[in-house]
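Please read this briefing alongside the sequence and the coordinates.

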Amino acid sequence: MSSSDRSEPEPDSAADADAAEAPEGTGTGLERAKQEAAAAQDRYLRNAADFENFRRRTLREKEELRLFAKSGVLEDLLPIWDNLALALVAAKQPKADMKTIVGGVDMVLQQFKAALAGHGLTEINPVGKPFDAHQHEALSHMPSADVPEESVITVVRPGFMLNGRLLRPASVVISSGPAK
């Protein structure tokens with residue numbers, strides 16, 4: 001059989017062979033795949049670096065937040081500290097008027113409560129209200145003709161909520177109803 005009897009023509013050069021095997025575009029299929037793989041690898045490395053930078057920045061910001069989150073509360077409490085120190089100095093005076101000192105300390109207590117309320121703290125003072133095991137801690141029962149049964153007679157220690165979440169339950173004495 002001669003070369004003219006073949007059904008396929010032979011390529012004239014090596015360049016014609018590459019062009020016959022590869023679809024139109026730049027380079028061969030293998031070269032294109034290598035370029036795409038290199039581009040994908042580059043995108044992956046950039047994304048991995050961006051994520052690592054994001055992770056480090058987030059950790060740093062979280063640590064800064066943890067360290068300085070209390071600064072707002074403390075800034076509000078410092079004037080109260082100052083006023084308590086002044087009250088103590090006034091109380092140590094030889095002819096200190098106790099009525100004036102008690103009035104001053106009461107004003108400082110109101111300032112303290114207002115500062116804490118400004119940060120979401122609310123007092124639980126359930127005198128006369130029904131006992132609630134979710135917000136109150138019963139210390140004892142006591143008979144009472146004035147307060148209905150299972151209602152709070154006395155608050156021994158007030159409870160507190162912080163932004164709607166129980167921080168400390170109120171310690172209370174509960175009515176057991178009229179004496180029998």
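In helix α4, the residues I101, V108 and A115 are buried. Seen down the axis of α4, its buried residues fall within an arc of 40°, so they line one face of the helix. The model is a predicted one, and the points below should be read with that in mind.

**Helices**

- Helix α4 covers residues 98–117, which makes 20 residues, and from its first C-alpha to its last it reaches 28 Å, close to the 28 Å expected at 1.5 Å a residue.
- On the face of α4 turned away from the buried side are the exposed residues K99, V102 and M107, whereas the buried residues of α4 pack against α3, residues 71–91.
- Helix α3 has 21 residues and spans 30 Å from first to last C-alpha, close to the 30 Å expected at 1.5 Å a residue, although α3 also bends by about 30° at L77, with a proline, P79, following within four residues.
- I80 is a residue of helix α3, and I80 counts as buried because its relative accessibility is 5%, where the cut-off for buried is under 20%.
- Leaving out residues up to four places away in sequence, I80 touches V108, Q111, F112 and A115; V108 and A115 are also among the buried residues of α4.
- I80 and L109 are 29 residues apart in sequence, while their C-alpha atoms are 8.3 Å apart in space.

- Strand β6, residues 170–175, is mostly covered, with 6 of its 6 residues buried.
- In a regular strand the side chains alternate between the two faces of the sheet.
- In β6, A170, V172 and I174 point one way and S171, V173 and S175 point the other way, and all of them are buried.
- Strand β2, residues 136–142, pairs with β6 in the parallel sense over 6 bridges, and within β6 the residue that stands opposite H141 is I174.
- Strand β3, residues 152–157, pairs with β6 in the antiparallel sense over 4 bridges, and here R157 stands opposite S171 of β6.

**Strand β4 and its neighbours**

- Strand β1, residues 121–124, runs antiparallel to β4 and is joined to it by 4 bridges, with L162 in β4 as the bridge partner of L121.
- Strand β5, residues 165–168, pairs with β4 in the antiparallel sense over 3 bridges, and R168 in β5 is the bridge partner of F160.
- β4 and β5 form a hairpin with 2 residues between them, and N163 in the turn has a positive phi of about 50°.

**The largest nonpolar core**

- The largest nonpolar core has 7 residues, namely I124, V152, V155, M161, A170, V172 and I174.
- Strands β3 and β6 each supply at least two residues of this core, and β6 gives the most, with 3 residues.
- Neighbours within four places in sequence aside, V152 is in contact with P126, V127, G128, K129, F131, H136, V147, V172 and V173.
- H136 lies in strand β2 and, with a relative accessibility of 7%, counts as buried.
- Beyond its neighbours within four places in sequence, H136 contacts I124, P126, P130, F131, V152, P169, A170 and V172; among these, I124, V152, A170 and V172 belong to the core.

**Positive phi in loop residues**

- E150 has a phi near 65°, a positive value in a residue other than glycine, and its place is in the loop between β2 and β3.
- N163 counts as exposed because its relative accessibility of 61% is over the 50% cut-off.

Definitions and conventions:
Residues are numbered from 1 along each chain as its sequence is written. This is a predicted model: local features need pLDDT of at least 70, side-chain atom pairs count only at pLDDT 80 or more; totals for chains, interfaces and linings use all residues. Side-chain values use heavy atoms; hydrogens and water are left out. Buried means under 20% relative accessible area, exposed over 50%, partly exposed in between (1.4 Å probe, protein chains only). Two strands pair if DSSP finds at least two bridges between them. The expected span of a helix is 1.5 Å times one less than its number of residues. The arc is that of the directions from the helix axis to the C-beta atoms. Contact means heavy atoms within 4.5 Å. The bend at a residue is the angle between axes fitted to the seven residues ending there and the seven starting there. A nonpolar core is a set of buried Ala, Val, Leu, Ile, Met, Phe, Trp, Tyr and Cys residues joined through side-chain atoms within 4.5 Å.
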